[in-house]
Amino acid sequence: METEVSQITTNLSEMPPVERTSETSHLVPPNNTPKPSYLNLVSNICALIFTGIILYCCFKDGASLFSFHPTLMALGWLILMTSAINAVTPGDLATEWMPIRLRSARHWVLQLLAGLIILVGFLVILTNKFINNKYHFITLHAKFGLAALVFVCFTSFGGLGALYSLKLKDYLAPIYIKLLHASVGLVTFCLGTITIILGTFSKWWSFGEVLRYTSLVLVLIIMILTVLRPCLKVYFRLKERLGYSNN
């Protein structure tokens, strides 16, 4: 693991500079890509295992309206959104061979699907609360969930800004628009995964401590492995840009 992280840091720090006025503007380096990483593959496997656990917990005693809330959230946050982030992360095994525009399109489509599924999952729990005449946004899980949903909206609008960053260059350099979008997106993803962890420690969870802590470990692995490379990428791009500005 330490060797893999060291290789990531070396690869990202030694990336050759790209055209600063290009449409990609540093965030997705063209052609000069680092070696493929297996971190995203491990993350995807953990996401599938966790989703399987959630499906078992939600439907082992039959289906209810609430059953679809954890299921949709796991699918939206841990399957689709992780894949969307990986699509624009250097070294991703599934997308490294793709042209930049195709990777960007994949990112957009997956993020859109993730956002829609997360919204439906939110509406499911909201409806369930109304039906059962329960209070809203009382628990820490619910409060983090609401914050995560708000950040999803901000990130989505930020994605529009990143898409049309060249048209907004008179107000802010495209590189900073994309770095801001990437940073807020990573915070959003972390909020979502923390919300899922809190859900496994809520009153709803009655499936034993082994499954609870297995789920905790799986979600933490997913979160760390998904944000590690993008965080390093943002750091080195910002460092490079600031160094260029000071010259």
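Author: Axes are lines fitted to C-alpha atoms, for helices over the stretch in contact, and the angle between two of them runs from 0 to 180 degrees between N-to-C directions.

Reader: At roughly what angle do the axes of helix H5 and helix H6 cross?

Author: H5 covers residues 140-163 and H6 covers residues 174-200; their axes cross at roughly 160° and come within 8 Å. Angles over 145 degrees count as roughly antiparallel, so H5 is roughly antiparallel to H6. The crossing of these two helices is left-handed. Sorted by class, the residues in the contact of H5 with H6 are 13 nonpolar, 12 polar and one charged.

Reader: How should I read the pair H2 and H3, and which residues of the two helices meet?

Author: Helix H2 (residues 39-59) and helix H3 (residues 68-87) have axes that come within 9 Å and cross at roughly 170°. That angle makes H2 roughly antiparallel to H3. On the H2 side, the residues include Asn40, Asn44, Leu48, Phe50, Ile54 and Phe59, while those of H3 include Phe68, Pro70, Ala74, Leu78 and Asn86. By class, the contact of H2 with H3 has 12 nonpolar, seven polar and no charged residues.

Reader: What is the handedness of the crossing of H3 and H6?

Author: The crossing of H3 and H6 is left-handed. Their axes come within 11 Å and cross at roughly 150°, and the two helices are therefore roughly antiparallel to each other. H3 contributes Met73, Trp77, Leu78, Met81, Thr82 and Ile85 to the contact, and H6 contributes Thr188, Phe189, Gly192, Thr193 and Ile196. The classes here are seven nonpolar, four polar and no charged residues.

Reader: How many aromatic pairs does a search of the whole structure find?

Author: The search finds nine aromatic pairs. For Phe151 and Phe154, the ring centres are 6.4 Å apart and the planes stand at 90°, so this pair is edge-to-face. Both residues lie in helix H5, three residues apart, about one turn of the helix.

Reader: Where does pLDDT stay under 50?

Author: Where pLDDT is low, the predicted coordinates should not be read in detail. In this model, pLDDT stays under 50 over residues 13-31, for which there are 38 contacts beyond four places in sequence. For the chain, the mean pLDDT is 86, and 84% of the residues reach 70 or more.

Definitions and conventions. Residues numbered from 1 in each chain as written. Predicted model: local features only at pLDDT ≥ 70, side-chain atom pairs only at ≥ 80, totals over all residues. Heavy atoms only, no water. Helix = DSSP H or I, 4+ residues; strand = E, 2+ residues; numbered from the N terminus. Parallel < 35°, antiparallel > 145°, perpendicular 65-115°, else oblique. Left-handed = near helix turned anticlockwise from the far one by under 90°. Nonpolar A, V, L, I, M, F, W, Y, C, P; charged D, E, K, R; others polar. pLDDT = per-residue confidence, 0-100. Contact = heavy atoms within 4.5 Å. Phe/Tyr/Trp six-rings, centres within 6.5 Å; stacked < 30°, edge-to-face > 60°.
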